[in-house]
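Please read the following account beside the sequence and the three-dimensional view.

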Amino acid sequence: MPLANIVWVDDEIESLQSQKLFLESKGYAINTFASGFDAIEFVKKNNIDVVLLDESMPGITGLQTLSKIKEINNHLPVVMITKNETETLMEEAIGSQITDYLLKPVNPNQVLLCLKKIIDNKRLIAEKTTTAYQQQFRELFMALNNNPDYNEWMEIYKKLVFWELEMEKSDSPEMQEILSQQKNEANTEFFKYISKNYSKWMQPKNIEAPVMSHNLLQFKVLPHVEPGVPLFFILIDNLRFDQWKAIQPIFAESFRILEEETFYSVLPTATQYSRNAIFSGLLPVDIQKQFPQQWKNDEDEGGKNLFEEDFFKAQLKKFKKDNFKTNYTKVLNHNDGQQLVNNIHNLLNNDLNIIVYNFVDMLSHARTEMEVLKELAADEKSYRSVTKSWFEHSPLHTALKKIADKKIKVIVATDHGSIKVKTPYKVLGDKQTTTNLRYKHGRNLNYEAKDVLAFRNPNDAGLPVPTVNSSFIFAKEDGFLCYPNNYNHYVNYYKNTFQHGGVSLEEMIIPIIKMVSK
């Protein structure tokens, strides 16, 4: 069985016999033709892996042959081999979707390398990826067990995401399982770290705390506003770091990425807490104190994120930045997105534009409810794929492309991430206990202490006290909190769904990316 079935078309094919023999000695089946017409007929009737194609041939040119072959099989790799170095020919060949371009004279090893790159590329990359991860496995293990600080935790999580994305190229279920176990171990240690340090971070003016939701604008956005260069701060709701990496190449087509950083979401890692903290520049406990009419606890009636723009303006005033010309746009549906596309050029007149885009969060919730989305986004890999497909065809991408040729700055961030939940934990509570799966608060919570991060006094976590004697609990790692009533039904319904609100690397360590137009 040959490694691959190759067609080589050249009007001087007799002079290439030594190359043919060399490639055959390496395990390839080489079918040679002196005419493009003969090669086309052969491709019609046979399964071919690669075509090597001369350009200058009598009767039918290489480009014409290429066109006919692509009509037969658009995905068949074709390598153009020619003496012609003209730029127009190269551009036309590339436009016709050639896989590679070699200039004559070519030596046997050059052709062999080209074939390996095309045919064995996936296998070679998979082998290299597996070997490289095996080498770094121990480094990650050492880092996890070396008391990492908040900066080191961000680096550990970035590396885990890097290897998760690299492992998509590998066909090794064993290595993917090892990586999955290492991620689980990382989340176990991260939960311990957050349990030990979170309340310290909430203390006023703690200079040893990381950048978090409530000081994100102060440290990472407002310093970049400058006259004459519009800044677009785009908050894509519920965007994990790995999902950012999925859409990064699309941004890179139009923008130069300057900084790819992360920050920490406040707890609960849920929209009404984290996003209000971002725009107010305050912890939730302080939002309630300063804006008692606008703040709503989980059990209160009405929308929980209706006053972000008011909070944002108050934050600008606090930092004496209220002279900035600003605009706040929230996109909740496709119609809002189209309005953004139509209005995007008008936003160039502002110093700072806030755009809140609420798609990924809707995808997460809809996936829980709809069987078809559970199939489309069954795991992290497909969840990333759906996110990428959405962004590529979204009004947000369309709007940004319309202004990519202008001198602008763009900062992309999110409010929190999400985690695929697998492990149910029982929680007892009274009628006032909230229904969230990754966190709960109430007066009479009964739970296993080892299963959650608990704050008897919510103020210790920078949170308001919803009712007298209320406490907050947060699910750890991939856990979700269920009531004993109808327990099995809810466990089966919510298991393997993407949820947020609790303590995990995926929910808490989230992206903030700075870029400029090219």
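The paragraphs below begin with the overall fold and then turn to selected parts.

This is a predicted model, in which local features need pLDDT of at least 70 and side-chain atom pairs count only at pLDDT 80 or more, while totals for chains, interfaces and linings use all residues. Residues are numbered from 1 along each chain as its sequence is written, and side-chain values use heavy atoms, with hydrogens and water left out.

The protein chain has 20 helices and 18 strands. These elements are DSSP runs numbered from the N terminus, with helices (H or I) of at least four residues and strands (E) of at least two. Taken along the principal axes, the C-alpha atoms fill a box of roughly 90 × 50 × 40 Å. Of the 518 residues in the protein chain, 54% are buried. Here buried means under 20% relative accessible area, exposed means over 50%, and partly exposed lies in between, for a 1.4 Å probe and protein chains only. Contact means heavy atoms within 4.5 Å. Among the contacts in the protein chain with a separation of 6 or more, 75% come from residues 24 or more positions apart.

Glu 24, in helix 1 (residues 17-25), is partly exposed at a relative accessible area of 30%. Glu 24 and Pro 511 are 487 residues apart in sequence, and their C-alpha atoms are 50 Å apart in space.

The next topic is a pair of helices. Two packed helices are described by the angle between their axes and the distance between the axes. Helix 10 (residues 241-254) and helix 17 (residues 380-392) pack at about 35 degrees, with axes 9 Å apart. The axes are lines fitted to C-alpha atoms, for helices over the stretch in contact, and angles run from 0 to 180 degrees between N-to-C directions. Helix 10 contributes Asp 242, Gln 243, Ala 246, Ile 247, Ile 250 and Phe 251 to the contact, and these meet Tyr 383, Arg 384, Thr 387, Lys 388, Phe 391 and Glu 392 in helix 17. The residues of this contact divide into six nonpolar, two polar and four charged. In this division Ala, Val, Leu, Ile, Met, Phe, Trp, Tyr, Cys and Pro count as nonpolar, Asp, Glu, Lys and Arg as charged, and the others, Gly among them, as polar.

Rings of Phe, Tyr and Trp (its six-membered ring) pair if their centres lie within 6.5 Å; planes under 30 degrees apart count as stacked, over 60 as edge-to-face and the rest as tilted. By this rule the count comes to 31 aromatic pairs. One of them joins Tyr 357 and Trp 390 in a tilted arrangement, 5.7 Å centre to centre with 50 degrees between the planes. Tyr 357 lies in strand 9 (residues 352-357) and Trp 390 in helix 17, so this pair ties together parts that are 33 residues apart in sequence. Tyr 357 is buried at 5% relative accessibility, and Trp 390 is buried at 11%. Tyr 490 and Tyr 494 form a stacked pair, 6.3 Å centre to centre with 10 degrees between the planes. These two tyrosines are separated by about one helical turn because they are four residues apart in helix 19 (residues 487-494). Tyr 490 is partly exposed at 36% relative accessibility.

How many disulfides are there? With a disulfide taken as a pair of cysteine sulfur atoms within 2.5 Å, the count comes to zero. Cys 114 is buried at 3% relative accessibility, and Cys 482 is buried at 3%.

Some backbone details remain. The peptide bond from Lys 104 to Pro 105 is cis, with omega near -5 degrees; Pro 105 lies in the loop between strand 5 (100-103) and helix 5 (108-119). The bond from Leu 267 to Pro 268 is also cis, with omega near -5 degrees, and Pro 268 is in the loop between strand 7 (255-264) and helix 11. In helix 11 (residues 271-280), ten of its ten residues are buried. Gly 281, which follows helix 11, has a positive phi near 70 degrees.

Positive phi is also found outside glycine. Asn 469 has phi near 70 degrees and is exposed at 63% relative accessible area. Glu 477 has a positive phi of about 50 degrees, yet is buried at 17% relative accessibility. Glu 477 is in the loop between strand 15 (471-475) and strand 16 (479-482). Not counting residues up to four places away in sequence, Glu 477 touches Asn 187, Thr 188, Phe 191, Ile 419, Arg 438, Val 503 and Ser 504.
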